[in-house]
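Please open the model in your viewer and keep a selection panel at hand. The tour below goes from one selection to the next and says what is found at each stop.

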Amino acid sequence: MTKKKEAAKNKTTRQAISKPGASPESTIDKFPIVAIGASAGGLEAFESFFKAMPGDSGMAFILISHLDPTHISILPDLIQKKTQMKVHLITDGLRIQPNMIYVIPPNKDMAILNRVLHLMDLPHPRGFNLPIDNFFKSLAQDQGADAIGIILSGTGSDGSLGLRQIKGELGMIMAQDEDAKYAGMPRSAIATGFVDYIMPADKMPEALIKYTRHAIVKPPDKIMVDEDKFQKVLQKIYILLRTHTNHDFSLYKKNTIIRRVERRMHVHQIDNIQDYLTYLTKSEREVHVLFKDLLIGVTSFFRDPEAFAALSEKYLPGLLADKPEGAIVRIWVAGCSTGEEAYSMAILLQECMEKMNRHFSVQIFATDIDPDAINIARSGLYPLSISADLDPARLKQFFTKEENHYKVKKAVREMLVFALQDLIKDPPFTKLDIITCRNLLIYLGPELQKKLFPVFHYSLKPDGILFIGSSESLGQETTLFKISDRKWKIFKRQSGLSRINPILNLPVPEFSEEPPAIKTSESVRRAEDINSFKLVETILQESDTPPCVIIDEKLKIVYIHGRTGKYLEPASGMACFNILDMARPSLKNALAAAIREAAIIKQEVVKKDIDIEDNGGTIRIDLTVKPVLAYGALRGMLMVIFKDKAKTKTKPRTPQRSDQKSDMIGQLEQELQYTRENLQTTIEELETANEELKSTNEELQSTNEELQSTNEEMETSKEELQSLNEESATVNAELQVRVDELSDANDDMKNLLNSTQIGTVFLDMDMNIRRFTERVISLIPLALSDIGRPVSHFATQLKEFHIVNNALQVLKDLITQEFEVESRDGKFFRTRIMPYRTMQNVIDGVVVTFEDITEFKRFRLTAQRLSVIMNSRDAILIQDKSGAITFWNQGAADMYGYTESEAMKMNIKDMIPKENRKESLALIDKAFTGKLFNSLETGRVTRTGKVLKVWVMVLALRDERDMINGIVTIERLIKDE
């Protein structure tokens, strides 16, 4: 293949994954841009990440961290030590380059446009800010499918909303696993279900490099190469999805499916779609992940705020104006995802009702096919980062702030019903006032859209509202709806006959039989009755109780003790155990009043001198009603006790009409008296209760106002504390690195001082010991506990040397002094005393050093002796066993004429005349054996060739192992007489 053809092929390959409308030149030089967000504990994660990232990865890295706005960050310096890439602190308008790391500065927010970074001031320098979310959103808009976001250690939930934007543009997301020092941010990101890779920070670079090389740097050709083959594979993918999820995606837009499949192939570095189908077949988890990818709902509260404002101001008031007070308003939010849009509609309705000062019963049906999304919506819990989408007034009115999230208030939550529903096959809701289906239709194919609009038309009431996304349209279904707002896609239902055939073939729901009632077993019920009976019997046996009965809250007799026939008798008709129905007529009023009073005051009530007719006579009794002080089944029951006082008998006589009338009047007067007493008691109790409730209500209102005020202050303080906590954690991490560096420096300094074998003592201005090295302990007996003590308290091993006096003199003159002193054991030390200067050049004590120069003095003495030899008039030579000369003094140079450098290249044999050579060499060999001998008269040849007569004395030269490694010859000229 020629270079020209190869270049053309590479250009085509790069264009395969470019965004629509992108020029070929824009894809040739592009490189991955990776945004990494972190907060508390982020420094450690950053270091682990960049230790494992090579310096030539071809990527650019943008680091976003929560920093103290008043603290100069040293994060770039700390990261620079862990990577070969150059680290930059971002400045406004900085253009991004590959193989570079860019760090956000403190007190700044940041955005990206055409690979240029722009800095902006934070809205709340000391408040709740979301720099990671904001930059993730900006990166998704700028880089599209090439955007990459990573969430590392941190508290809170910053980044969770921004990664939705990246995933919605088909970008890639990574999150640190449970090894994160602070797992709040990674856990919140993982909970969204949008994270592609979950792993430790040091494992991310390898996976990131593989992904970028496959998806961005050198992307493969389009997966749709052979149309027929591709369609067959795609149909099989639809079948796998339908088998595992029970949802059919065959009517979704093919381009949407292809982009999602391509993205999953990039994640697994798979080039061939047939291979990906094989992987899908083997991995049920991958089928679920692909299903989640196909359902990505990029949603937020009041997305397109102007569209919601138009709906609230122009259309909702007119829709509600014709409804009577308390009427039902029904709304269907189709494809609600995690519920933000549904709650936005509920808030909008609530605000509209408050403006109109009217109340309606609102029913909002929010549906989706994703069970995970529905569960999130049902919980009503959202990350703190939603504050970026909601104005503070709405956030305060409709949400309550909890630990790490906002919760929708109960009043709003009760308006909504969340349910799983598949628009393709499940029955729709009917008699609706509004249907909102935003940013769902764009993923559906034309055939499916054509079937759905008649369903929406059928579900809406006359003049009902259809609210769809700004990028969606009705297509050819213009006869069913008329446009009300062309910009924000708000439509009204047109009256007329709905089509019958195009309606989706919806299955008839199967009605399941009601579950059988749960029955308590007969043995359990019987055991409970026996236990209750035994408990009652025990209570009555422990006291000498007159005839009595025990009644429950419904005045039903549950137990009878003694003979009660004089007071109670069964009523005619069906069997009844109500005590008031069974009471004698003359007893009924007093009994009812006593039971009522005892039930209210929870104390014993006694009614005395009650007359009861009995067999032609009258019985006078005392009636007592008291609560049963027991637990379990008898809790709340009352005991009614009948106690006889006296009995009077009368003869039977024929009642006269006047007597009957008098008896009736007396009975009525007695009942009226009891009624009046009961009424008066009830009125007094009611007045007392009203007063108490009024007082309690006022106290509660006052307490509520105080709590609201306190809660607002606490929320504000909590936000500030949260921000300060994250900033402090970041600063602490940086300071910890500095502390570690200082500790390392101290260790290095300690080892350096110890390696020099120089004793050192640091003294402060008061001559107290500040620090010392181990070497000085042999001269001054110091221990670690002596730090801070005056040095004058310690005796030294030095003769005639006073540290304090000399140190004070140095502090006075600021001139370094040196002394040569001797220790008591005969060693010599060079002592130097110099001022101690701080980094600001301030004198803060003295430094005293002791350098052992004993060996130096010994070598100096040896050198002095050697100088005598060197300057001797006699020739002194040293030679090895082979005769090579290794030493040559000045006397030899003067005697024989050879310089030292010339002699060092010679052999002694060169200087011995032939006639003396045998004898001289024999003498040398004898010396190497270690034997002693007398001097020898021999000859030596000078540089000029002249032969001199000399006396030669030979000595053996021994090394430290007492081995002879050379000989010394002392040669003296024999002068002629």
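Begin by selecting helix H15, residues 371–379 of this predicted model, where helices (H or I, at least four residues) and strands (E, at least two) are DSSP runs numbered from the N terminus. Within H15, Ala 373, Ile 374 and Ala 377 are buried, a word that stands for under 20% relative accessible area, with exposed over 50% and partly exposed in between (1.4 Å probe, protein chains only). These three residues cover an arc of only 100 degrees around the axis, so they sit on the same side of H15; the arc is that of the directions from the helix axis to the C-beta atoms. Next, show what covers the buried residues of H15, which includes H14, strand E12 (361–368), strand E13 (381–383) and strand E16 (416–420).

Residues are numbered from 1 along each chain as its sequence is written. Local features need pLDDT of at least 70 and side-chain atom pairs count only at pLDDT 80 or more, while totals for chains, interfaces and linings use all residues, and side-chain values use heavy atoms, with hydrogens and water left out.

Now select the largest nonpolar core, which has 49 residues, with Leu 311, Met 345, Ile 386, Phe 399, Leu 416 and Phe 418 having the most contacts inside it. Such a core is a set of buried Ala, Val, Leu, Ile, Met, Phe, Trp, Tyr and Cys residues joined through side-chain atoms within 4.5 Å. Helix H14 (residues 340–356) gives the most to this core, with 9 residues. Centre on Met 345, whose contacts (heavy atoms within 4.5 Å), leaving aside neighbours within four places in sequence, are Phe 308, Leu 311, Ile 331, Val 333, Ile 364, Ile 434 and Thr 436. A second, separate core of 46 residues includes Leu 295, Ile 369, Leu 452 and Leu 480.

Finally, colour by pLDDT, the predictor's confidence in each residue, from 0 to 100. The chain averages 79, and 83% of the residues score at least 70. Over residues 1–28 pLDDT stays under 50, as it does over residues 497–521. Where pLDDT is low, the predicted coordinates should not be read in detail.
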